[in-house]
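Subject: A structure for you to explore

Hello,

Here is the structure I promised to pass on to you. Please open it beside this message, and then read on for what turned up in it.

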Amino acid sequence: MTGNITFTIIKPCAVSHEYIGDILKMISAAGFSIAAMKYTKLSQIQGAYFYNVHKEKPFFEDLVEFMTSGPIVVAILEKENAVEDYRKLIGNTDPAKAEPGTIRKLFAESIQRNAVHGSDSDSNARKEADFFFSKSERFDRGGHFLELVPVEDV
Ligand code: UDP
Ligand code: MG
């Protein structure tokens with residue numbers, strides 16, 4: 001069984017270009033429902049923690065600087081098979097390689113300023129969702145507190 005949530009960030013580049021509405025419209029049209037959402041800005045510590053897995057990469061420092069440079073939208077998205085389906089909707093990390101019609105193809109500026117984040121596994125979706133939202137801030141389509149589907153790799 002696959003998890004029912006993924007976690008996304010609308011990155012500072014997309015926020016500053018006023019793409020929030022267009023991106024949320026694509027997310028809804030693709031069948032995701034918003035389980036939690038906030039408009040916020042990452043501190044240096046939060047940005048470095050969130051991208052800790054990339055700390056040895058040459059792009060890490062620039063990435064954290066970019067991700068902390070302005071406000072972002074963070075959200076939990078609910079849908080069956082959420083992680084895989086959302087990665088398909090956003091497209092390749094590098095917009096030059098992203099399929100036509102994907103969020104990154106439409107709204108990314110570069111491999112770094114690529115409009116959105118999407119979790120890469122069910123376990124990371126849980127960790128990322130937990131980092132930004134408490135259980136009392138997550139709701140299902142019926143307005144009840146969100147129940148998470150048990151997944152093997154969490
Ligand atoms: N990134 C970058 N340069 C690279 C590769 C990635 O600046 O050569 C940034 C980009 O913003 C990307 C993030 O680092 O979204 C995380 O990289 P990852 O490989 O996890 O890509 P993603 O899962 O976001 O597609
Ligand atoms: Mg990733």
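**Helix α7 and its partners**

In helix α7 (residues 122-132), the buried residues are D122, A125, R126, E128 and A129. They pack against β1 (5-10), β3 (72-78) and α5 (82-90).

Take R126, which belongs to helix α7. Why does R126 count as buried? R126 has 20 C-beta neighbours inside 10 Å, and a residue is called buried if 20 or more lie within that distance.

The protein chain has an average pLDDT of 96, and 97% of the residues score at least 70. Confidence is lowest in α7, with a mean of 97, and highest in helix α1 (residues 12-16), at 99. As a rule, where pLDDT is low, the predicted coordinates should not be read in detail.

**The sheet**

Next, find the open sheet of 4 strands, whose order is β2-β3-β1-β4, with antiparallel pairing. At its edges are β2 (33-40) and β4 (116-118), each of which pairs on one side only. On average, neighbouring strands of this sheet are turned by 15 degrees against each other, ignoring direction. Helix α5 packs on the sheet and touches β1, β3 and β4, and its direction makes about 30 degrees with that of β1. Helix α7 packs on the sheet too, touching β1 and β3, with its direction at about 60 degrees to that of β1.

In general, strands of a sheet pair through backbone hydrogen bonds, either parallel or antiparallel. Here are the pairs to look for:

- β2 and β3 run antiparallel and are joined by 7 bridges; Y39 stands opposite V73 in β3.
- β1 and β3 run antiparallel and are joined by 6 bridges; F7 stands opposite I76 in β3.
- β1 and β4 pair in the antiparallel sense over 3 bridges; I10 stands opposite V116 in β4.

Why is β1 largely enclosed by the rest of the structure? The reason is that 6 of the 6 residues of β1 are buried. Both of its faces are covered, with I5, F7 and I9 buried on one side and T6, T8 and I10 buried on the other.

A36 sits in strand β2. A36 is buried because 21 other C-beta atoms lie within 10 Å. Which residues is A36 in contact with, leaving aside its neighbours within four places in sequence? They are A75, I76, F133, E137 and R138. One of these contacts, E137, is 101 residues from A36 along the chain, while the C-alpha atoms of the two are separated by 6.2 Å.

**Around the ligand**

Finally, have a look at ligand 1. Surrounding ligand 1 are H54, F59, L63, T93, I111, Q112, N114, H117 and D120. This shell divides into 3 nonpolar, 5 polar and 1 charged residues.

Enjoy exploring, and write back whenever you like.

Best wishes

How values were computed
Residues are numbered from 1 along each chain as its sequence is written. Chains are lettered from A and ligands numbered from 1 in the order in which they are written. This is a predicted model: local features need pLDDT of at least 70, side-chain atom pairs count only at pLDDT 80 or more; totals for chains, interfaces and linings use all residues. A residue is buried if 20 or more other C-beta atoms lie within 10 Å of its own, exposed if 12 or fewer, and partly exposed in between; C-beta atoms are placed from the backbone. Helices (H or I, at least four residues) and strands (E, at least two) are DSSP runs, numbered from the N terminus. Two residues are in contact if their C-beta atoms, placed from the backbone, lie within 7 Å. Two strands pair if DSSP finds at least two bridges between them. Axes are lines fitted to C-alpha atoms, for helices over the stretch in contact, and angles run from 0 to 180 degrees between N-to-C directions. A residue is near a molecule or strand if its C-beta atom, placed from the backbone, lies within 6 Å of it. Ala, Val, Leu, Ile, Met, Phe, Trp, Tyr, Cys and Pro count as nonpolar, Asp, Glu, Lys and Arg as charged, and the others, Gly among them, as polar. pLDDT is the predictor's confidence in each residue, from 0 to 100.
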